[in-house]
Protein chains: 2
Amino acid sequence: MTTPHRPAPSPPKAMRRDAAQNRERLLRAAWEVFAELGPDAGVEEIASRAGVGMGTLYRRFPTKESLLAALSDEILDSVFACFRRAAEQQPPDRALEQALWDTGEVLAAHHGWLTRLWAAIPPEADERRIELLARLDTLLTRAKRAGEVREELTTTDVYACLLALRVLIDDTEGRAPDVWRRHLAIVLAGFRPAAEPLAHPPTDDTLIRANTPKHHTG
Amino acid sequence: MTTPHRPAPSPPKAMRRDAAQNRERLLRAAWEVFAELGPDAGVEEIASRAGVGMGTLYRRFPTKESLLAALSDEILDSVFACFRRAAEQQPPDRALEQALWDTGEVLAAHHGWLTRLWAAIPPEADERRIELLARLDTLLTRAKRAGEVREELTTTDVYACLLALRVLIDDTEGRAPDVWRRHLAIVLAGFRPAAEPLAHPPTDDTLIRANTPKHHTG
DNA sequence: TCGCATCCGGAATCGAATCTCCGCTTATGT
DNA sequence: ACATAAGCGGAGATTCGATTCCGGATGCGA
């Protein structure tokens with residue numbers, strides 16, 4: 001309960017200088033290695049690239065997962081920074097849009113293993129997810145108040161947009177760097193108030209079931 | 001080159017009856033097990049659930065991956081069926097939309113391991129990807145001709161929409177089954193012709209770089 | 001029914017990746 | 001400079017799941 005959730009850079013009792021340095025080196029190496037070899041790269045490569053032994057790696061990060069978690073934490077910091085900056089520096093009617101574009105750019109720097117990185121956010125980090133949603137909510141509310149987006153939009157809709165961006169960036173940035181940008185542009189167009197309400201899914205699903213592969217427990 | 005790409009249900013020389021039956025059982029069990037335990041379920045579970053030994057499994061599907069590939073192949077069949085049906089049974093102005101909704105429903109039947117399933121589509125199946133794009137293109141062209149969607153839309157935009165649906169369905173269906181439906185509704189709204197052109201991403205990226213985690217090879 | 005090519009079961013093998021252990025080294029405070 | 005707690009390296013134990021192997025069973029054509 002009272003356990004600090006993430007190994008902060010300066011926890012209760014200071015680390016020895018070399019230990020702190022090695023921690024830094026490991027994180028740097030991890031970014032590098034994962035970016036280069038993908039999320040399935042072995043920890044050994046990271047240790048050697050950081051110039052330290054396995055023992056050191058495992059003393060700083062008790063599991064590979066916790067290493068990933070430390071990285072995803074830094075990403076979250078960046079994303080939060082985007083939101084904060086957009087909220088502070090943009091007029092209320094532009095802030096949401098700007099925040100989404102910026103977030104896209106931040107994520108784009110890590111395409112190829114974003115999904116894995118995201119998955120490493122530990123469940124204990126719920127507070128951060130909640131904070132994320134809260135910030136999205138603020139931005140959304142302001143945009144609504146400014147009449148820039150439809151009233152029916154929910155925070156979840158915006159969050160879903162982020163999830164969509166995540167994959168598109170992960171899968172296509174590099175090969176086709178404008179795919180996610182176009183998708184975001186389209187979604188933003190869909191966000192805007194318009195004469196026509198959002199479409200409903202067709203409810204005629206008898207046809208649909210007929211289409212599901214036969215080997216499947218309904 | 002001339003190698004048949006996927007192990008068809010009725011290949012050149014017929015299998016012994018029991019062999020064919022076991023193949024079927026294995027596929028059925030695989031659907032079940034993956035749906036239940038997720039894509040990391042061991043092959044042993046599949047064999048035992050199918051009531052056959054490991055030897056049998058590996059004679060029919062030389063690798064775990066090829067088993068996954070057979071499943072993803074069936075999904076692709078379902079998706080194609082959606083497209084065909086939409087093209088045949090809907091007026092040209094509605095076909096694209098209907099195809100996307102139906103595809104969503106088909107994918108929704110496999111939430112939780114869709115991404116993994118998708119990843120198993122072997123690179124040799126390029127033809128099928130191409131066919132997929134071709135069909136999307138046809139639907140899109142018709143929709144444009146009917147004035148239902150913006151002229152600027154590309155086939156890639158629609159494909160991106162499918163990729164987005166895939167994650168949303170995979171991640172949220174079950175917990176929040178309307179997330180992907182709302183996203184699709186929003187995207188479809190964004191597809192429609194409108195007075196305002198699609199937004200451009202802001203080009204001021206100096207701010208953005210300042211926001212990237214420091215450990216990172218620019 | 002007989003012969004045999006094909007197929008079956010499942011224990012043993014292989015391989016890869018994580019994580020542990022322990023004797024040696026080094027930063028730090030006095 | 002010394003004592004000591006903290007940190008280090010890296011070989012190898014451990015684990016876990018995919019794949020192979022082969023003696024025995026079985027469908028099928030003659």
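What pattern does chain A follow, read along the sequence? The answer is α-α-α-α-α-α-α-α-α-α.

## Ground rules

This is a predicted model: local features need pLDDT of at least 70, side-chain atom pairs count only at pLDDT 80 or more, and totals for chains, interfaces and linings use all residues. Residues are numbered from 1 along each chain as its sequence is written, while chains are lettered from A and ligands numbered from 1 in the order in which they are written.

## Chain A and its domains

Chain A has 10 helices and 0 strands; helices (H or I, at least four residues) and strands (E, at least two) are DSSP runs, numbered from the N terminus. Of its 218 residues, 38% are buried. Buried is a matter of counting: 20 or more other C-beta atoms within 10 Å of the residue's own, with exposed at 12 or fewer and partly exposed in between, C-beta atoms being placed from the backbone. Take the contacts in chain A between residues at least 6 apart in sequence, and 64% of them join residues at least 24 apart. A contact here is a pair of residues whose C-beta atoms, placed from the backbone, lie within 7 Å.

Chain A splits into domain 1 (14-62) and domain 2 (68-209), with bounds that come from an automatic or database domain assignment. Their centres, taken over C-alpha atoms, are 31 Å apart. Where the two meet, 8 residues of domain 1 of chain A are in contact with 6 residues of domain 2 of chain A. The domain 1 side of that meeting has 7 nonpolar, 1 polar and no charged residues. For these classes, Ala, Val, Leu, Ile, Met, Phe, Trp, Tyr, Cys and Pro count as nonpolar, Asp, Glu, Lys and Arg as charged, and the others, Gly among them, as polar.

## How the two chains pair up

Superposing chain B on chain A takes a rotation of 180 degrees with 0.0 Å of shift along its axis, at RMSD 0.0 Å. That is the relation of a two-fold axis. The same surface serves both copies, as 100% of the contact residues of chain B recur in chain A. In chain B, the residue closest to the rotation axis is B:Gly190, at 1.9 Å (C-alpha).

As for the interface, 50 residues of chain B are in contact with 50 residues of chain A. On the chain B side, the elements giving two or more residues are helix 1, helix 4 (64-89), helix 5 (92-108), helix 8 (155-172), helix 9 (179-191) and helix 10 (206-209). Helix 9 of chain B provides the largest share, 11 residues. By class, that side of chain B divides into 29 nonpolar, 10 polar and 11 charged residues.

## The nonpolar core

The largest nonpolar core has 119 residues; such a core is a set of buried Ala, Val, Leu, Ile, Met, Phe, Trp, Tyr and Cys residues joined through C-beta atoms within 7 Å. Residues with the most contacts inside it include A:Ala30, A:Leu168, B:Leu26 and B:Leu168. Not counting residues up to four places away in sequence, A:Leu168 touches A:Val179, A:Trp180 and A:His183, plus B:Ala160, B:Leu163 and B:Ala164.

## Around the DNA

DNA strand D has 22 residues around it, of which A:Gly53, A:Gly55, A:Thr56, B:Arg17 and B:Gly42 come nearest. Near means a C-beta atom, placed from the backbone, within 6 Å of the strand. Helix 3 of chain A gives the most to this surface, 4 residues.

B:Asp18 sits in helix 1 of chain B and counts as exposed because it has 10 C-beta neighbours inside 10 Å. Its C-alpha atom is separated by 51 Å from that of B:Phe191, 173 residues apart along the chain.

B:Gly112 lies in the loop between helix 5 and helix 6 (114-119) of chain B. With 18 C-beta neighbours inside 10 Å, B:Gly112 is partly exposed. Leaving aside neighbours within four places in sequence, B:Gly112 is in contact with B:Ala35, B:Gly38 and B:Asp170.

Terms used
Copies are superposed by least squares on the C-alpha atoms of residues with pLDDT of at least 70 in both.
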